[in-house]
Amino acid sequence: MTPLQHYLALATILFFIGAWGMMARRNIIMVIMCIELMLNAVNISLVAFSNYMPSPVPGRGEVFVFFVFGLSAAEAAVGLGIAIALYRLRERLSVDELDGMKG
Amino acid sequence: MEFSPIPFYIVSALVIICAIAMIYFKELIYSALSMVACFMAIAGIYILLNAELVAGAQVLIYVAAISILVIFAIMLTRHRKGDFWLFFHRQSVVTLPFVVVAGIVLTVVLATAAYDSSEEALNPPDEEMARLLFQDYSFPFEVLSLVLLVAIMGAILLAMRERRR
């Protein structure tokens, strides 16, 4: 059986690929896609721990993954809605040019 | 029962290649398609982890619903063509070493730590998962459906074009 550490290494690498993409890309839709990738990496580690670590209630980690699914779907819907509304308002989606709040 | 580790390496190589391809494609629609491939490969990882219900939900939610949402958002907006710096931030080069160092450190720490993990797979069969999800955790599940409803209504309200003023 593949050891738990291999799954954790995969999840960590995937998380940091997503983190770098989120910081490096300019398009807002791309940033949202990278956030989804990071959430997926966390889900992999949750399912892996649920499969390998003994617990009084087996499968609790998997149940948690379902809640992460729901919340990430909500986040994607609201984020892409904001992206489309911003595009209507400003005709552009680059995070460099959306500096109206001077943050 | 003895499992071969070869399928894990094939599927995880697919996941990582698709994730890197997703970031490096200039055309946003290619990025979206390789994101779909990456999510599909992650469903394969869940099957290797004996979580068939999670794999099915992954295919339904990520490969179907969220990808369709992303592809529609890409199709409804216009994107520019140009050189590298139109797609990547100026700080992408600066953040790359930090991300690589942090990733290597965390990977080494997590992969060399000793876990008292069990030898056999512990994820329960689908019937047990359904019992957990719809009996023990039924109230959070219903709250989650409410959250999704409110989020969808908010997204429609945000993206709605105001016709009459």
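A residue counts as partly exposed when its relative accessible area falls between the buried limit of under 20% and the exposed limit of over 50%. In this predicted model, B:Asn50 has a relative accessible area of 26% and is therefore partly exposed. B:Asn50 lies in the loop between helix H2 (28-48) and H3 of chain B, and its phi is positive, at about 60°, although the residue is not a glycine.

Most residues other than glycine have a negative phi. A:Glu91 also carries a positive phi, of about 65°, without being a glycine. A:Glu91 is placed in the segment after helix H3 (60-90) of chain A, and because its relative accessibility is 44%, A:Glu91 counts as partly exposed.

## The interface between chains A and B

The side chain of A:Glu91 meets that of B:Arg78 in a salt bridge, with an N to O distance of 3.8 Å. Across the interface of chain A and chain B, two salt bridges are found.

The size of an interface is often given as the accessible area lost when the parts come together. Between chain A and chain B the buried area is about 7,200 Å², with carbon and sulfur atoms giving 73% of that area, and the contact involves 70 residues from chain A and 87 residues from chain B.

## Aromatic pairs and a charge over a ring

Over all chains, the count of aromatic pairs comes to 13. In one of them, the ring centres of B:Tyr24 and B:Phe88 are 5.8 Å apart and the planes stand at 40°, so this pair is tilted. The pair links distant parts of the chain, since B:Tyr24 belongs to helix H1 (residues 6-24) of chain B, and B:Phe88, 64 residues apart from it, to the loop between helix H3 (52-76) and helix H4 (92-112) of chain B. B:Tyr24 counts as partly exposed at 46% relative accessibility, whereas B:Phe88, at 2%, counts as buried. An edge-to-face pair is formed by B:Phe134 and B:Phe141, with 5.0 Å from centre to centre and 80° between the planes.

A:Arg25 lies over the face of B:Phe88, at 5.1 Å from the ring centre. One aromatic cluster is formed by A:Tyr7, A:Tyr52, B:Phe8 and B:Tyr9.

## Helix H1 of chain A

Helix H1 (residues 4-24) of chain A has 21 residues, which at 1.5 Å a residue should span 30 Å, and the end C-alpha atoms are 30 Å apart, in agreement with that expectation. Of the 21 residues of H1(A), 16 are buried, so this helix is largely enclosed by the rest of the structure.

Conventions
Residues are numbered from 1 along each chain as its sequence is written. Chains are lettered from A and ligands numbered from 1 in the order in which they are written. Side-chain values use heavy atoms; hydrogens and water are left out. Rings of Phe, Tyr and Trp (its six-membered ring) pair if their centres lie within 6.5 Å; planes under 30 degrees apart count as stacked, over 60 as edge-to-face and the rest as tilted. Helices (H or I, at least four residues) and strands (E, at least two) are DSSP runs, numbered from the N terminus. Buried means under 20% relative accessible area, exposed over 50%, partly exposed in between (1.4 Å probe, protein chains only). A charge sits over a ring if NZ of Lys or CZ of Arg is within 6 Å of the ring centre and within 35 degrees of the ring normal. The expected span of a helix is 1.5 Å times one less than its number of residues. Contact means heavy atoms within 4.5 Å. Buried area is the accessible area (1.4 Å probe) that two parts lose on being put together, summed over both. A salt bridge is a side-chain nitrogen of Lys or Arg within 4 Å of a carboxyl oxygen of Asp or Glu.
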